[in-house]
Amino acid sequence: MQHIRTTNAANRLDRLPISKFHKTTLLAVAFAYFFEFADINTFAITAPVVREQWSAEVNDIAYVTSTSFVGMFIGAVVAGGLADRLGRKRTLTWTTLWFTLWSFACVFAWDIWSLGVFRVLTSAGLSAMTVVAVVYISELFPSAKRGKFQAYAIVIGICGTPATNLIASAVVPMADWSWRLVYLWGTLGVFFLLFVRKLEESPQWLEARGRHEEAEAVLARIEASAAAEHGALPEAREPVPQAPAVKPGLGMLKDKKFLYPTVLLSVLWVTQTIGFFGYSSWAPTLLAAEGVSVEDSIFYVALTTVGAPLGSFLAAMVTDRFERKWCLVVFGVVIAAAGLMYGLTFTPVLIVVFGFLVNLFERGYTALAYAYSPELFNTSGRSLGTSIAYGLGRLSNAVGPLMIAGIYNGIGYEAVFMFIAGTWTLGALVLAFFGPATRRQRLAAASEADTPTRPRPAATTP
């Protein structure tokens, strides 16, 4: 039998204690997430003012929002391929720079269509950065703890949403042009470059590409850092023989082990995208259209988004403790109920309360989904599978805003939120019946990692 060379990257990373290396990586990704979440709703926030200044119709807002999701699909799928070809770290850097560049261009938009083009290009970068960051954390953190730290990154990152809303509520009313400052705020993600030199490429990706010397060098640096901080490391588990890997690329769709989770996760991300963006992208505009002042609608939405970081923190508390699949189901049902109640009231206090609950559980749902999605694939299919599913979710919302505009114009305000609640319920049911469980595998990895073994001396680099 031919010997297959391996650096045993996954098992060597799994048995590491959380060290300064992990915390630095977490902080860098959280920083990128912060400005991704800061930027993702800037058009929704500024749409009421833009609509007034440029005499835009509700359908114009819907078209810009829809085409932005086409950009998200393209960005996600392209980034999945680039991350497989160029590496996780390099692609994460370039995608972050891409969305900050086009957010800056939005500052200088001169009409609704120029702003729409710039938002499509921005959205492509936002989606691209997200899928690469999800895979990056999944491949660098121990499998038994990756869900918690994925959620911690979002706890920090999601603060970008209320921060942006609160900043917008202060600067948008200042002058006719001051809404442009909201987009300028989104460009600060460029300072991610300050972290790049401290990040490592994923050893699992290097190993999968056959770049074993580089993978060994990265693992040696990580292990040496962990050993200096925590002492001698336990011996890593021996690698389990693997079947020949399918060549990366769209040809992997012929493999049932790749196709099944891709289809399942596509349903997850389609329902999440329509459900969440149907709510967050339209709440300010629909409230304003129903007679709530622009200033009040922005302020109400800003208050509700305070629940977002708390939701990610809640996810961090449950994601590795319980089966992730069932956490997603419960969170989805709660979002459906709270979102429905949000649409049935115009009392300011209740708008804030139910909106708070939607943001709380939706951001928790997203944190859980970020951890759940990549662990359904092996290394060779992880980036592509995650990006296809996430990208198809975003693409689905190219028609979502048009559907919501049609429902609003044809049936009414309350019907919009009934539709949104239905999408969340559908996603929860599909996960409940067809979602694979992953906790047993994670517990097995944690159990073996905690088993006392002969300490492994820290590797040294020349």
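A: Happy to. Leaving out residues up to four places away in sequence, Thr164 touches Ala38, Thr42, Ile45, Val182 and Trp185, where contact means heavy atoms within 4.5 Å. This is a predicted model, in which local features need pLDDT of at least 70, side-chain atom pairs count only at pLDDT 80 or more, and totals for chains, interfaces and linings use all residues. Residues are numbered from 1 along each chain as its sequence is written, and side-chain values use heavy atoms, with hydrogens and water left out.

Q: Thanks. Which helix is Thr164 in?
A: Thr164 sits in helix α8, residues 160-171. Helices (H or I, at least four residues) and strands (E, at least two) are DSSP runs, numbered from the N terminus.

Q: Is Thr164 buried or exposed?
A: Thr164 counts as buried because its relative accessible area is 1%. The cut-offs are under 20% for buried, over 50% for exposed and partly exposed in between, with a 1.4 Å probe and protein chains only.

Q: What does the side chain of Thr164 make a polar contact with?
A: The side chain of Trp185, at 2.8 Å. A polar atom of the Thr164 side chain also lies 2.6 Å from the backbone oxygen of Gly160. A polar contact is a pair of N or O atoms within 3.5 Å; within protein, one must be able to donate a hydrogen and the other to accept it, and residues adjacent in sequence count only if both atoms are side-chain atoms.

Q: Which cluster does Trp185 belong to?
A: Ring pairs link Trp185 with Phe31, Phe34, Phe35, Phe192 and Phe195. Rings of Phe, Tyr and Trp (its six-membered ring) pair if their centres lie within 6.5 Å; planes under 30 degrees apart count as stacked, over 60 as edge-to-face and the rest as tilted.

Q: How many aromatic pairs does the structure hold?
A: There are 20. One of them is the stacked pair of Tyr33 and Tyr370, with 6.0 Å centre to centre and 20° between the planes. That pair joins distant parts of the chain, with Tyr33 in helix α2 (residues 20-40) and Tyr370 in helix α18 (residues 348-372), 337 residues apart.

Q: Why does Tyr33 count as buried?
A: Because its relative accessibility is 0%. Tyr370 is buried too, at 2%.

Q: What else pairs with Tyr370?
A: Trp269 forms a tilted pair with Tyr370, at 5.7 Å centre to centre and 35° between the planes. Trp269 lies in helix α13 (residues 256-280), 101 residues from Tyr370.

Q: Back to the core. Which residues touch the most other members of the largest nonpolar core?
A: Tyr33 and Leu268, in a core of 106 residues. A nonpolar core is a set of buried Ala, Val, Leu, Ile, Met, Phe, Trp, Tyr and Cys residues joined through side-chain atoms within 4.5 Å. A second, separate core has 20 residues, including Phe43, Val49, Val64 and Ala168.

Q: New topic: is Val333 buried or partly exposed?
A: Val333 counts as partly exposed, because its relative accessibility is 45%. Val333 is in helix α17, residues 324-343. From Val333 to Ala421 is 8.5 Å, C-alpha to C-alpha, though they are 88 residues apart in sequence.
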